[in-house]
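Please keep the sequence and the 3D view open while reading.

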Amino acid sequence: MKLGFFTLSFLLILNLSMGRFVVEKNNLKVTSPDSIKGIYECAIGNFGVPQYGGTLVGTVVYPKSNQKACKSYSDFDISFKSKPGRLPTFVLIDRGDCYFTLKAWIAQQAGAAAILVADSKVEPLITMDTPEEDKSDADYLQNITIPSALITKTLGDSIKSALSGGDMVNMKLDWTESVPHPDERVEYELWTNSNDECGKKCDTQIEFLKNFKGAAQILEKGGHTQFTPHYITWYCPEAFTLSKQCKSQCINHGRYCAPDPEQDFTKGYDGKDVVVQNLRQACVYRVMNESGKPWVWWDYVTDFAIRCPMKEKKYTKECADEIIKSLGIDLKKVDKCIGDPEADVENPVLKAEQESQIGKGSRGDVTILPTLVVNNRQYRGKLEKGAVLKAMCSGFQESTEPAICLTEDLETNECLENNGGCWQDKSANITACRDTFRGRLCECPTVQGVKFVGDGYTHCKASGALHCGINNGGCWRESRGGFTYSACVDDHSKDCKCPHGFKGDGVKSCEDVDECKEKTVCQCPECKCKNTWGSYECSCSNGLLYMREHDTCIGSGKVGTTKLSWSFLWFLIIGVGVAGLSGYAVYKYRIRSYMDAEIRGIMAQYMPLESQPPNTSGHHMDI
């Protein structure tokens with residue numbers, strides 16, 4: 001039985017090994033010494049936490065002992081912890097004798113900020129991966145938090161030579177372009193598996209799904225991401241389709257297969273059970289995606305992992321159906337999508353999954369589970385919420401990141417220190433500094449519908465209509481004695497102009513103009529001028545009236561004459577009033593007399609009045 005399993009597994013793995021594997025890389029910039037200064041490529045390790053979207057500057061150390069980092073550095077009394085004020089330490093380590101992950105863990109415990117593994121031979125860069133599954137029980141794997149990079153033997157030798165010559169080697173590790181960031185939406189896919197009996201990797205995968213579910217659903221519901229789950233399947237070679245191994249590991253007559261979960265055909269669940277559950281999860285996604293709620297997939301897979309584990313013999317259709325119903329998913333649509341696993345026909349869902357495994361563009365073939373792909377680039381590093389979220393956030397175009405990407409756990413707000421070197425107006429609490437996942441941008445802001453214009457670094461100024469409502473448009477403004485004057489004009493003009501009665505630059509100050517001293521107003525012979533803030537007062541002698549628009553005094557005569565003129569005016573007004581009332585009374589009398597005459601005429605036509613003679617015609621009317 002074991003031989004049959006290993007034979008089939010070898011054939012399945014051989015099928016995939018012929019595919020195209022892409023090594024994900026980042027840049028390494030040596031800044032000193034001049035002899036090796038330049039930009040080099042290095043391969044991102046598939047463990048630890050790469051600083052996606054960011055950079056890390058440090059100085060390189062090549063230890064005199066334990067140069068392959070397979071033993072604890074404490075045994076050699078070596079520490080890489082940086083002293084205050086000094087750059088972080090990058091440890092250069094030779095390849096060989098132990099796992100890459102163990103090298104990283106040992107260097108991290110000694111205080112290293114990152115490790116550079118120098119290849120032992122001249123060859124293209126490779127990806128440093130975690131140990132195989134039978135060796136993956138090491139507890140330290142999930143505790144590695146420093147980034148790692150594999151460099152070529154040539155670069156490694158150059159760095160060693162510079163260090164041996166007494167030069168200080170400084171460099172910057174750069175992950176800013178490791179993930180494409182073309183627009184405001186990130187597209188990512190997770191190649192996963194419903195199998196929960198594959199050891200440490202399965203446990204890590206399930207834990208990630210549970211922890212990442214909340215963030216994934218927030219991003220998906222907000223339209224910030226487009227997520228697609230995928231499942232790896234293999235086909236059984238035609239010569240083995242009728243074998244017991246293929247029948248137990250495959251569905252649809254050998255077309256879609258998965259390895260036995262326990263790697264033992266005599267016990268537990270079979271590979272075909274895993275294929276069916278994978279297919280069910282893929283169908284749940286398809287059904288919910290069509291209904292506009294693709295994020296429900298996260299609820300289903302986490303609930304299935306909790307409620308239907310293999311260890312409790314609940315890895316069944318019945319258990320899965322209960323979860324589907326509880327989440328309000330249409331069970332009939334899911335079953336229709338799954339189809340008949342025993343039929344000798346193609347399954348369109350699984351066929352599409354097999355085609356998707358083949359690499360396209362910058363993405364290589366998917367051969368490892370789990371595999372995360374962000375904007376068509378395979379993620380390298382620890383499958384952990386914070387690390388993965390950092391990689392995804394680096395995939396947004398700068399300044400379009402959702403709020404979840406700007407938390408303290410993921411990035412440092414560079415605007416908090418010295419305002420990021422950008423312009424700011426402290427009095428109005430307005431700044432041009434805009435925090436982003438990759439750093440900060442100095443851009444003049446738009447506040448309350450008013451756009452500020454400028455370079456964002458040294459100046460920003462409100463512009464357009466209504467700009468005076470924001471810090472008075474940056475212009476002078478002052479109040480005294482209940483009067484307020486402003487140099488800002490609420491139109492599309494950008495300049496500040498002192499109002500009438502003031503002079504100055506309109507920005508920092510406007511000073512009162514003394515119109516009386518400058519003799520620009522109140523200059524008629526009878527005028528008396530008194531200066532006020534922002535204006536003036538002008539009075540006339542001899543009881544004359546001042547007309548400001550003509551800057552002159554009008555009227556003549558003494559005060560008594562003025563009083564007599566006013567008395568005559570009042571007499572004239574009262575006379576006109578009396579005449580008006582008399583005319584109205586005469587008018588009312590004439591109207592009433594006319595109406596009475598009209599009514600008497602109408603009445604006379606229909607009934608005899610006492611003044612008329614009696615009827616003598618002899619005619620009468622009987623009643």
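Tyr188 stands opposite Phe227 in β9. The model is a predicted one, in which local features need pLDDT of at least 70 and side-chain atom pairs count only at pLDDT 80 or more, while totals for chains, interfaces and linings use all residues. Residues are numbered from 1 along each chain as its sequence is written, and side-chain values use heavy atoms, with hydrogens and water left out.

Strands (E, at least two residues) and helices (H or I, at least four) are DSSP runs, numbered from the N terminus, and two strands pair if DSSP finds at least two bridges between them. Strand β8 covers residues 186-192, and six of its seven residues are buried, where buried means under 20% relative accessible area, exposed means over 50%, and partly exposed lies in between (1.4 Å probe, protein chains only). Strands of a sheet pair through backbone hydrogen bonds, either parallel or antiparallel. With strand β9 (residues 225-231), β8 pairs in the parallel sense over seven bridges. With β12, by contrast, β8 runs antiparallel and is joined by four bridges; here Trp191 stands opposite Thr371.

Together, β8, α4 and β9 make a right-handed β-α-β unit. Right-handed means that, with the strands pointing away from the viewer, the path from the first strand over the helix to the second runs clockwise.

On a 1 Å grid over the protein atoms alone, a cavity is a set of points where a 1.4 Å probe fits but cannot get out, and lining residues have an atom within 4 Å of a point. Grid points are joined across faces, edges and corners, and a volume is the space filled by probe spheres set on the points. The structure holds two cavities of 30 Å³ or more.

In the table, Ala, Val, Leu, Ile, Met, Phe, Trp, Tyr, Cys and Pro count as nonpolar, Asp, Glu, Lys and Arg as charged, and the others, Gly among them, as polar.

| Cavity | Volume | Lining by class |
|---|---|---|
| Largest | about 430 Å³ | 11 nonpolar, 10 polar and six charged residues |

Domain 1 (25-131 + 140-175) and domain 2 (186-405) both contribute lining residues, so the largest cavity lies between them; the domain bounds come from an automatic or database domain assignment.

The second largest cavity has 15 lining residues, of which Asn193, Ser194, Gln281, Val301 and Ala305 lie nearest its centre. Here the largest share of the lining, four residues, comes from α7.

## A three-strand sheet

An open sheet of three strands has the order β18-β19-β20, with antiparallel pairing. Its edge strands, each pairing on one side only, are β18 (446-447) and β20 (460-463). Strand β19 (residues 450-454) is joined to β20 by four antiparallel bridges, and the bridge partner of Lys451 in β20 is Ser463.

## Backbone details in the loops

A cis peptide bond, with omega about 0°, joins Ser32 and Pro33, and Pro33 sits in the loop between β1 (25-32) and β2 (38-44).

Two residues other than glycine have positive phi values: phi of Ala69 is near 55°, and phi of Ser399 is near 85°. Ala69 lies in the loop between β3 (55-61) and β4 (89-94) and is buried, with a relative accessible area of 0%. Ser399, found in the loop between α11 (385-393) and β14 (424-425), is partly exposed, with a relative accessible area of 22%.

Arg255, in the loop between β10 (250-251) and β11 (256-257), also counts as partly exposed, at 24% relative accessibility. The C-alpha atoms of Arg255 and Thr241 are separated by 8.7 Å, and these residues are 14 residues apart along the chain.

Terms used:
On a 1 Å grid over the protein atoms alone, a cavity is a set of points where a 1.4 Å probe fits but cannot get out, and a pocket is an open set with protein on both sides within 12 Å along at least five of seven lines; lining residues have an atom within 4 Å of a point.
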